[in-house]
Amino acid sequence: MLDVADVAGYLLRRKLLSPRAVVDGGLRVVDASRLNRVFLVTAQCGPSYVVKLAGAAGDAGVAHEAAVLSRLRSDPLAAHLPNVVSYDATDRVLVLEAAPGARDLVRHHRRGRFSVALAREAGRALAQLHATPRGALDGIPSPPHPTTSTPVHRLDLDTMRTLSAAAVELIRILQSFDDLCAALDGVQASWREDSLVHGDVRWDNCIVWRRPDADRWTQLQLIDWELAGVGDPGIDVGSFLAEYLLAWVQSVPISDPQDPGRLLPYAGLPLRRMRPAVRAFWQAYARRRGSSVAELHATLQRSMHYTGVRLLGAALEEAQVLSELQASVLSLLSLSHNIVCRPRDAADLLGLPDAWATAS
């Protein structure tokens with residue numbers, strides 16, 4: 001198992017770093033681990049890398065990601081994929097090329113400005129992925145997706161035992177809403193397996209940068225392909241759209257869980273700033289996907305459902321690190337409830353009423 005101090009030596013042995021980069025090239029290794037061990041490696045006189053190692057929570061995930069990326073290295077999707085430098089099957093170490101100066105969309109959007117150009121690129125990338133023939137991953141099993149294997153409203157006893165007291169209370173409240181549970185059952189039952197999907201399109205899995213000769217951030221790659229496989233394209237579209245709503249709600253100074261909407265006008269990141277980017281994302285997706293009007297409407301409707309599901313997942317993640325429920329978590333639950341049960345209203349909220357009407 002590599003640690004921060006071991007990464008440079010590993011890359012030297014594989015001739016991916018030069019001795020000069022280590023000695024006087026300003027080499028920097030940053031631990032960016034989450035489920036897996038991840039290190040960001042940069043040097044002034046050499047390439048930049050992302051080094052991923054299988055962790056206790058995902059021994060097969062890194063190998064799966066390496067296999068998926070090797071299969072999908074074909075134009076035009078390749079422009080939105082990280083370049084695989086090497087995969088060490090023995091030690092289960094994946095080395096990816098990293099763009100100098102790149103950052104994820106979470107960091108990029110902290111300025112409070114939401115790039116139309118980058119949203120458009122995300123729409124194009126997902127449309128191209130969803131249009132890729134399913135046979136591209138023949139022989140690579142699709143991992144079970146949490147949305148269908150462990151739906152948040154029907155967690156098994158073993159999973160419940162791992163939750164914090166706040167998360168258990170959140171599940172109890174969720175299960176008290178019969179309409180929400182019925183709608184979530186409907187979402188699970190409608191799961192389709194007719195496209196290649198990324199499976200985890202969060203903003204921190206969207207890496208952006210600008211070309212050296214450009215003054216705008218226009219380049220985008222999708223990273224972390226551990227959940228990629230055959231699935232419902234709505235899961236990707238809905239996850240990306242949910243990130244806007246998540247940023248919006250988390251910027252509201254909510255103090256009263258009984259009236260979470262009272263301070264919406266004081267949101268630090270108001271939805272009105274986001275809607276042009278949301279529209280650009282959907283329009284680029286619909287244009288590049290080339291589906292029929294009926295198919296686009298079905299995708300948009302399912303995407304709204306999955307937007308709500310993603311927000312539920314975010315509420316559970318937040319509750320898991322709390323000892324008792326806070327207003328912010330209950331606000332996410334309320335918002336996801338409305339979105340899952342009223343997808344057309346969700347499209348209106350995001351600034352997509354025309355898209356819904358056109359697709360209808």
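User: What makes the nonpolar surface patch of about 240 Å²?

Analyst: In this predicted model, Leu12, Val22 and Val23 make that patch. Leucine 12 belongs to helix H1, which covers residues 4-13.

User: Why is leucine 12 called partly exposed?

Analyst: Its relative accessible area is 31%. Buried would need a value under 20%, and exposed one over 50%. The value for leucine 12 lies in between, so leucine 12 is partly exposed.

User: What is the order of the five strands in the open sheet, and how are they paired?

Analyst: The order is S1-S2-S3-S5-S4, with antiparallel pairing. From one strand to the next, the twist averages 20°.

User: Why are strands S1 and S4 said to stand at the edges?

Analyst: Strand S1 (28-31) and strand S4 (84-88) each have a single partner strand, so one side of each has no neighbour in the sheet.

User: How do you know that S4 and S5 count as paired?

Analyst: Pairing requires at least two bridges between two strands. S4 and strand S5 (residues 93-98) have four bridges, in the antiparallel sense, so they count as a pair. Across from leucine 96 in S5 stands valine 84.

User: Which helices lie on the sheet, and at what angles?

Analyst: H1 lies across S1, strand S2 (37-42), strand S3 (48-53), S4 and S5, and runs at about 60° to S2. Helix H3 (residues 61-71) packs on the sheet as well, touching S3, S4 and S5. The direction of H3 makes about 50° with that of S5.

User: What is noted about the phi of lysine 15?

Analyst: Lysine 15 has a positive phi of about 60°, although it is not a glycine. Most residues other than glycine have a negative phi. Lysine 15 sits in the loop between H1 and helix H2 (19-24).

User: Why is lysine 15 called exposed?

Analyst: Exposed means over 50% relative accessible area. Lysine 15 has 74%, so it is exposed.

Terms used
Residues numbered from 1 in each chain as written. Predicted model: local features only at pLDDT ≥ 70, side-chain atom pairs only at ≥ 80, totals over all residues. Heavy atoms only, no water. Patch = residues over 30% accessible without salt bridge, like charges linked within 9 Å, V, L, I, M, F, W, Y side chains within 5 Å. Areas by Shrake-Rupley, 256 points an atom, 1.4 Å probe, with all protein chains shown as cover. Salt bridge = Lys/Arg side-chain N within 4 Å of Asp/Glu carboxyl O. Helix = DSSP H or I, 4+ residues; strand = E, 2+ residues; numbered from the N terminus. Buried < 20%, exposed > 50% of the residue type's maximum accessible area, 1.4 Å probe, protein only. Axes fitted to C-alpha atoms, helices over the stretch in contact; angles between N-to-C directions. Contact = heavy atoms within 4.5 Å.
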